[in-house]
Amino acid sequence: MRICVIGTGYVGLVGSSVFADWGNEVIGVDNNPEKIKMIESGVMPIFEPGLRELVAKGISSGNLRFTDSLKAGINDAEIIFICVGTPMGEDGSADLKYIYQVADEIALEMKTPKIISIKSTVPVGTNKKIREYIKNKTSVEFDSVSVPEFLREGSSIEDMNQTDRTVIGSNSPEAIEKVSRLFEHLNSPIVKCDLESAELIKYASNSFLATKISFINEIAQICDLSGADVSKVAQGMGLDSRIGPKFLNASIGYGGSCFPKDVQALYKTSSDLGYHFNILESVIKTNKDQKHYFIEKIKKVYGEGLKGKTVACLGLAFKNDTDDIRESVAIEVVRILRDMGAEIKAFDPEAMPNSKKVLGDSGITYCATKEDAVTNSDFLVILTEWREFKELQDSVLISVKDKNIFDGRNLLDRTKLGNLGINYYCIGKK
Ligand SMILES: NC(=O)c1ccc[n+]([C@@H]2O[C@H](COP(=O)([O-])OP(=O)(O)OC[C@H]3O[C@@H](n4cnc5c(N)ncnc54)[C@H](O)[C@@H]3O)[C@@H](O)[C@H]2O)c1
C-alpha cells in the first residue's frame with residue numbers, strides 16, 4: 001500500500017519505518033526540515049531501541065522516504081496517517097492546533113481520493129469535526145478513519161509488530177476493510193467500530209492504566225502505615241487473571257507525553273459533556289501528590305533544607321529506555337531537590353541532552369556515568385527504572401557518604417543494601 005505518515009516524532013517515525021518494513025511504500029512528512037535532514041543522514045532525532053537500523057533498512061530497500069513537503073508526501077498516498085502532537089492545552093483539554101494545521105494543508109493539497117486516518121490521540125468527536133472541517137475546504141472525496149496508537153516508548157517497534165490489538169474506527173465499512181488489510185498479517189484482534197468508540201478506546205485505556213498506577217501508589221501508602229510490603233501485595237493481586245501484574249509498581253507516579261495529558265483530557269472532555277469523572281479526579285490528585293510523598297521521606301531524614309548536600313540523582317527520563325522527558329516526574333523531583341538547596345549530580349543513559357534544555361546547568365552537574373554521579377555523593381535518589389541502575393557495584397554504593405538511598409522506583413535490593421550497611425527508603429516497603 002502507498003502510505004503517507006505526517007509527523008515524524010515517536011509515533012510517526014516508528015510508524016513509518018514499521019509500515020515500510022511490512023512491505024508498504026511509505027513517505028514520512030515533517031514540517032521541521034532539520035528533522036528530515038537528520039533522519040535522512042541516519043541520525044535519529046529521538047532515542048528508540050532499534051529505530052536507526054529499521055529506518056536505514058527502509059531507506060535502502062526503497063520502501064521508505066522522507067520529505068518536509070506535505071504536498072509531495074500526500075500526492076500518491078492511498079492512506080494518510082496523521083501523527084502530530086496533541087499536547088495538553090492550558091485548560092487541560094488536548095490542544096489540536098497541529099491537527100488543524102495538517103487538516104488545512106491536506107484540504108489544500110489533496111488532488112485524488114484518500115483515506116485520512118488520525119493516529120494522534122484526539123478527544124471523542126474530533127475525527128468527525130476534522131472531517132467536516134476538511135469537507136468544507138475541498139471537493140475531493142475522502143474517508144475518515146481513526147486508528148489510535150498504543151505503542152510504548154522504549155519498546156515501540158516491538159509493540160507495533162506484536163500489538164495486543166488494532167482499533168479501526170470509521171463510518172465507512174470500505175475504509176475499515178482497506179485499513180484492516182494493513183494490519184491483518186499481525187494475527188492480533190482488530191476492533192472495528194465507529195469513529196467515536198475508537199477515539200474513546202484510546203483515552204479509556206490510558207486512563208485505566210493511570211488509575212492502576214495511582215491505585216497501587218495509594219496501596220503503597222497503606223503499606224508504609226501498616227508494615228505490609230507493596231511488592232508482595234502487587235504480586236498477590238497481579239496473579240489474579242482478572243487483575244494482571246502490569247502497572248502495579250509503586251513509584252513516584254506516572255509521567256510522560258501521554259498519561260498526564262490523556263487523563264486530564266478525558267476528565268475535561270467528560271466535564272464538557274456534562275459528566276463529572278470522579279475516579280479520574282482522584283487519579284490526577286493522587287499522582288500529583290505522589291512525588292511529594294517521596295520528598296517527605298527525604299525530609300524526614302534531612303529536614304526542609306539540603307544546603308551543602310550533594311545528591312546523586314539517577315534517572316531523568318519519564319521511564320526507562322527512552323530519552324523523552326515530557327512531564328517526567330524525575331525532572332520535577334530534581335527541581336524540588338535543587339530548590340531545597342542540594343547540589344545535584346545527575347545521570348541518565350539517554351535523557352541528559354533533553355534534560356539540560358529544561359533544567360539548565362545551575363546547581364546540576366551532568367555526569368558521564370552512573371558511577372560518577374553516585375561516588376562520594378551524600379545520598380542517592382533513584383528516579384527512573386533503568387535496568388542498569390540495578391547493577392551499581394558495592395564499592396560505588398558504599399561510597400555514598402550518609403549511607404542513605406531513596407528509591408522512587410523500588411528498583412534496588414533491600415537485603416543486599418542492608419548487608420552493606422545502607423539505609424534504604426522506598427515506596428510501600430519497610
Ligand atoms: N509518544 C508515545 O508514546 C505515544 C503513544 C501513543 C500515542 N501517542 C500520540 O501520538 C501523537 C504524536 O505523539 P508523538 O509522541 O509522536 O509526538 P512528537 O511531538 O514526538 O511528534 C510530533 C511530530 O509532528 C511534527 N509536526 C507538527 N506539526 C506538523 C505539521 N503541520 N506537519 C508535519 N509535521 C508536523 C513535529 O515536528 C513532530 O516531529 C500524540 O497525539 C500522542 O498523544 C503517542
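Me: How do the axes of α5 and helix α6 sit relative to each other?
Reply: In this predicted model, the axes of α5 and α6 (residues 126–135) come within 9 Å and cross at roughly 35 degrees.

Me: Is that crossing left-handed or right-handed?
Reply: The crossing of α5 and α6 is right-handed.

Me: Which residues make the contact?
Reply: On α5, the contact is made by I99, A103, I106 and A107. On α6, I130, Y133 and I134 take part.

Me: And how do they divide, nonpolar, polar or charged?
Reply: The residues of that contact divide into seven nonpolar, no polar and no charged.

Me: OK, on to the ligand. How many residues surround it?
Reply: 27 residues surround the ligand, and the closest are G7, G9, V11, S120 and T121.

Me: Which helices supply residues of that shell?
Reply: α1 (10–21) and α5 (97–109) each supply at least two residues of the shell around the ligand.

Me: What's the shell like by class?
Reply: It has eleven nonpolar, twelve polar and four charged residues.

Me: Now the sheet. What's the order of the six strands?
Reply: The order is β11-β10-β9-β12-β13-β14, in an open sheet with parallel pairing.

Me: Which strands stand at the edges?
Reply: β11 (364–366) and β14 (423–425) do. Each has a single partner strand, so one side of each is left without a neighbour in the sheet.

Me: How much twist, from one strand to the next?
Reply: The twist averages 20 degrees from one strand to the next.

Me: What holds paired strands together in general?
Reply: Strands of a sheet pair through backbone hydrogen bonds, either parallel or antiparallel.

Me: How many bridges join β9 to β10?
Reply: Five bridges join β9 to β10, and the two strands run parallel. For T310, the bridge partner in β10 is E343.

Me: And β12 with β13, how many bridges there?
Reply: Three bridges, again in the parallel sense, pair β12 (residues 379–382) with β13 (residues 404–407). V381 has F406 of β13 as its bridge partner.

Me: Where does I336 lie?
Reply: I336 lies in helix α13, residues 329–339.

Me: Why is I336 counted as partly exposed?
Reply: Because 15 other C-beta atoms lie within 10 Å of I336, a count between the limits of 12 for exposed and 20 for buried.

Me: How far apart are I336 and H292?
Reply: They are 44 residues apart in sequence and 9.2 Å apart in space, C-alpha to C-alpha.

Me: Last topic, backbone angles. What is the phi of E327?
Reply: E327 has a positive phi of about 50 degrees, although this residue is not a glycine. Most residues other than glycine have a negative phi.

Me: Where is E327 found?
Reply: E327 is in the loop between β9 and α13. This residue is partly exposed, with 18 other C-beta atoms within 10 Å.

Me: What about phi of K403?
Reply: Phi of K403 is near 60 degrees, also a positive value in a residue other than glycine. K403 is found in the loop between α16 (394–397) and β13, and is partly exposed, with 17 other C-beta atoms within 10 Å.

Notes. Residues numbered from 1 in each chain as written. Predicted model: local features only at pLDDT ≥ 70, side-chain atom pairs only at ≥ 80, totals over all residues. Helix = DSSP H or I, 4+ residues; strand = E, 2+ residues; numbered from the N terminus. Near = placed C-beta within 6 Å. Nonpolar A, V, L, I, M, F, W, Y, C, P; charged D, E, K, R; others polar. Axes fitted to C-alpha atoms, helices over the stretch in contact; angles between N-to-C directions. Left-handed = near helix turned anticlockwise from the far one by under 90°. Contact = placed C-beta atoms within 7 Å. Pairing = 2+ DSSP bridges.
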